[in-house]
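Please keep the coordinates open while you read.

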Amino acid sequence: MGTPTVDISTSLASFELPNPVLTASGCAAAGRELSPFFDVAELGGIVTKSIMMKPRSGRSTPRMAETPSGMLNSIGLQGPGVDSFIEHDLKWLHESGARTVVSIAGHNTDEFVALARRLYDQPMDLLEVNISCPNVENRGQVFACDAIAATRVISAVRRAANPNVPIFAKLTPDVTDIGYIARAVAEAGADGISLINTLLGLVIDLDTLRPALGGVTGGLSGPAIRPVALRCVWQVHQAVPHLPLLGMGGIKTGKDALQFILAGASAVSVGTAVFHDPTAPIRIIAELSDELAARGFSSLRDAIGFAHLSSEQQAAYFAAQTAVPVGR
Ligand code: RRO
């Protein structure tokens with residue numbers, strides 16, 4: 001008897017995916033650098049580095065620092081600007097057959113709106129609105145730290161963007177109550193939520209006795225933040241159970257991904273792991289499928305938010321899975 005097959009298709013609002021594993025924004029540029037390793041069309045999707053209206057060189061170097069079980073980045077939204085992105089990156093993604101999530105970032109609501117308008121007719125499956133970049137000039141630009149600022153950006157983008165493209169708000173864990181922010185962006189019209197962005201951190205270089213990063217502070221990612229990310233997915237699923245969640249934060253294996261699904265994510269993004277293992281997202285698709293089968297799930301959709309069920313409810317599900325209807 002072979003391994004039972006599990007249906008791992010999923011959806012993020014109206015975006016249908018054959019499998020639930022995407023890249024995380026900022027960790028695979030616009031996908032092209034992963035194409036020597038695998039066919040990018042095999043992933044659930046590519047999430048692009050956040051794009052701004054104008055080309056931007058980013059923060060001063062050094063921009064990366066190692067930490068135990070993770071890394072700190074201080075890139076500062078380096079990018080080619082939206083026109084070049086459309087002409088080169090988005091075109092390449094479309095021709096590659098990759099399902100595409102475009103991440104946008106702005107200094108203010110007007111810039112987010114301008115980006116949504118510029119991208120209105122472009123080929124994409126989902127728009128991720130990055131309101132949580134930690135590496136900005138001032139903390140007031142981390143819109144997701146404030147429910148009113150977050151609401152303003154998301155409602156304006158929802159009005160300006162193509163109504164056929166779902167928009168997801170990307171949230172930061174650096175808040176007191178992430179459920180409160182989640183409810184605010186849901187009411188503002190977000191079709192789903194991506195979580196989490198990196199946590200604000202600092203490393204001091206003991207040779208120079210100065211901060212290791214040119215930008216002083218940076219965003220912490222990798223396995224070190226996985227329990228924080230999982231806690232956020234759990235809390236946001238409770239706060240807005242009807243909204244699909246794209247979960248991320250330190251995912252390295254199928255077992256890690258399964259925890260996010262059980263906490264309430266409909267799909268996951270793999271980020272920091274890609275830097276030392278570019279094939280990680282493809283490997284995780286297979287591992288996740290095996291982990292689901294090993295636990296008796298017949299479909300990924302059944303596992304979404306399963307950890308919120310009582311043990312009695314869980315037992316009833318598995319009993320129904322094994323019951324063979326009379327006559328079959
Ligand atoms: O570019 C960055 O420095 C950056 C961004 Br936009 C983000 O959303 N999260 C992060 O850790 N770094």
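A polar contact is a pair of N or O atoms within 3.5 Å; within protein, one must be able to donate a hydrogen and the other to accept it, and residues adjacent in sequence count only if both atoms are side-chain atoms. The model is predicted, so local features need pLDDT of at least 70 and side-chain atom pairs pLDDT 80 or more, while totals for chains, interfaces and linings use all residues. Residues are numbered from 1 along each chain as its sequence is written, and side-chain values use heavy atoms, without hydrogens and water.

**Exercise 1.** Find side-chain N or O atoms that face the ligand in Asn130, Asn197 and Thr198.

*Solution.* Begin with Asn197, where a side-chain N or O atom is 2.8 Å from a ligand nitrogen. Next, the side chain of Asn130 places an N or O atom 2.8 Å from an oxygen of the ligand, and for Thr198 the distance to a ligand oxygen is 2.6 Å.

**Exercise 2.** Describe the shell around the ligand by residue class.

*Solution.* Collect the residues with a heavy atom within 4 Å of the ligand; among them are Lys49, Asn73, Cys133 and Pro134. Then sort the shell with Ala, Val, Leu, Ile, Met, Phe, Trp, Tyr, Cys and Pro as nonpolar, Asp, Glu, Lys and Arg as charged, and the others, Gly among them, as polar, which gives four nonpolar, six polar and one charged.
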